[in-house]
Amino acid sequence: MTTAILAFDGTDPDAPARRAAARDAHVAFITAEAAAGRLLLGLPLHDEAGRSLGSLMLVAGGAAERDAYLAAEPFATRGVWQRVEAHPFRIAALPYQPWPAPSSPPPTGRTHTVLIGWDGTDEAAADRRMAARPAHFARVKPMAADGTLLFGGALLDEAGRMTGSLAATRHASHAAAQAWLAEDPYATGDVWRDITLYATAFRALPYPPLPR
């Protein structure tokens, strides 16, 4: 099991300073967590203008591992994150490109876009997802292989039902990401009804490989 943590900074004037003050401790912590196999991926969440909004962290395990992670994460303990959502997450087994080496240079700007797409809540929502699923997977499989899709998978409720999608794509603008997702069967098939995009930058850390 994997837990997707969506954590959002405060909106008060001191929020950027809190993030900056905790950043070095955060990077040291997530590097160690990645090396230990407990953190599968961590990405910053920015708005289209590049302002920090929060973070996306994929933590291996369920509620106990999530709580242990948050109890030690500097961005959580030092008040950087003011709102935290945690969702069970199933990473799609696709032929993702291997992660870059941890020694790779850090990014100097936006490299990817994070997509969060929530399904409808009506009685037909699950049927629409299942009807569009084969075409969706046929589309994203080659995109994982060529690096367009950094990762992707299904957001779940506590009962294990698929209620949305989470992915990161190699698009350096909202416009490019919107054009890409507009052609996805989950978009054309009315599966996703609430879509949010975030700018992000991938920083290479000693992450374990994603499922293939």
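**Labels and cut-offs**

Author: Thr2 lies in strand S1 (residues 2–9); helices (H or I, at least four residues) and strands (E, at least two) are DSSP runs, numbered from the N terminus. This is a predicted model, where local features need pLDDT of at least 70 and side-chain atom pairs count only at pLDDT 80 or more, while totals for chains, interfaces and linings use all residues. Residues are numbered from 1 along each chain as its sequence is written, and side-chain values use heavy atoms, with hydrogens and water left out.

Reader: Why is Thr2 called buried?

Author: Buried means under 20% relative accessible area, exposed over 50%, and partly exposed in between (1.4 Å probe, protein chains only). Thr2 has 9% relative accessibility, so Thr2 counts as buried. Its contacts (heavy atoms within 4.5 Å), not counting residues up to four places away in sequence, include Leu40, Leu58 and Phe89.

Reader: And what makes Glu33 buried or exposed?

Author: Glu33 sits in helix H1, and because its relative accessibility is 9%, Glu33 counts as buried. Leaving aside neighbours within four places in sequence, Glu33 is in contact with Arg38, Leu39 and Tyr69.

Reader: What makes S2 and S3 a pair?

Author: Two strands pair if DSSP finds at least two bridges between them. Seven bridges join S2 to strand S3 (residues 52–60), and the two run antiparallel. One example is Leu41, whose bridge partner in S3 is Leu58. The hairpin has five residues between the strands, and Gly50 takes a positive phi near 95° there. As for cover, seven of the eight residues of S2 (residues 39–46) are buried.

Reader: Which residues touch the most other members of the largest nonpolar core?

Author: Leu56, Tyr69, Phe151 and Leu166, out of 56 residues. Such a core is a set of buried Ala, Val, Leu, Ile, Met, Phe, Trp, Tyr and Cys residues joined through side-chain atoms within 4.5 Å. Beyond four places in sequence, Leu166 touches residues including Leu56, Val114 and Phe151.

Reader: How do you know how residues divide in the lining of the largest pocket?

Author: By residue type: Ala, Val, Leu, Ile, Met, Phe, Trp, Tyr, Cys and Pro count as nonpolar, Asp, Glu, Lys and Arg as charged, and the others, Gly among them, as polar. The lining therefore divides into 14 nonpolar, eight polar and six charged residues. H1 gives the largest share of that lining, six residues.
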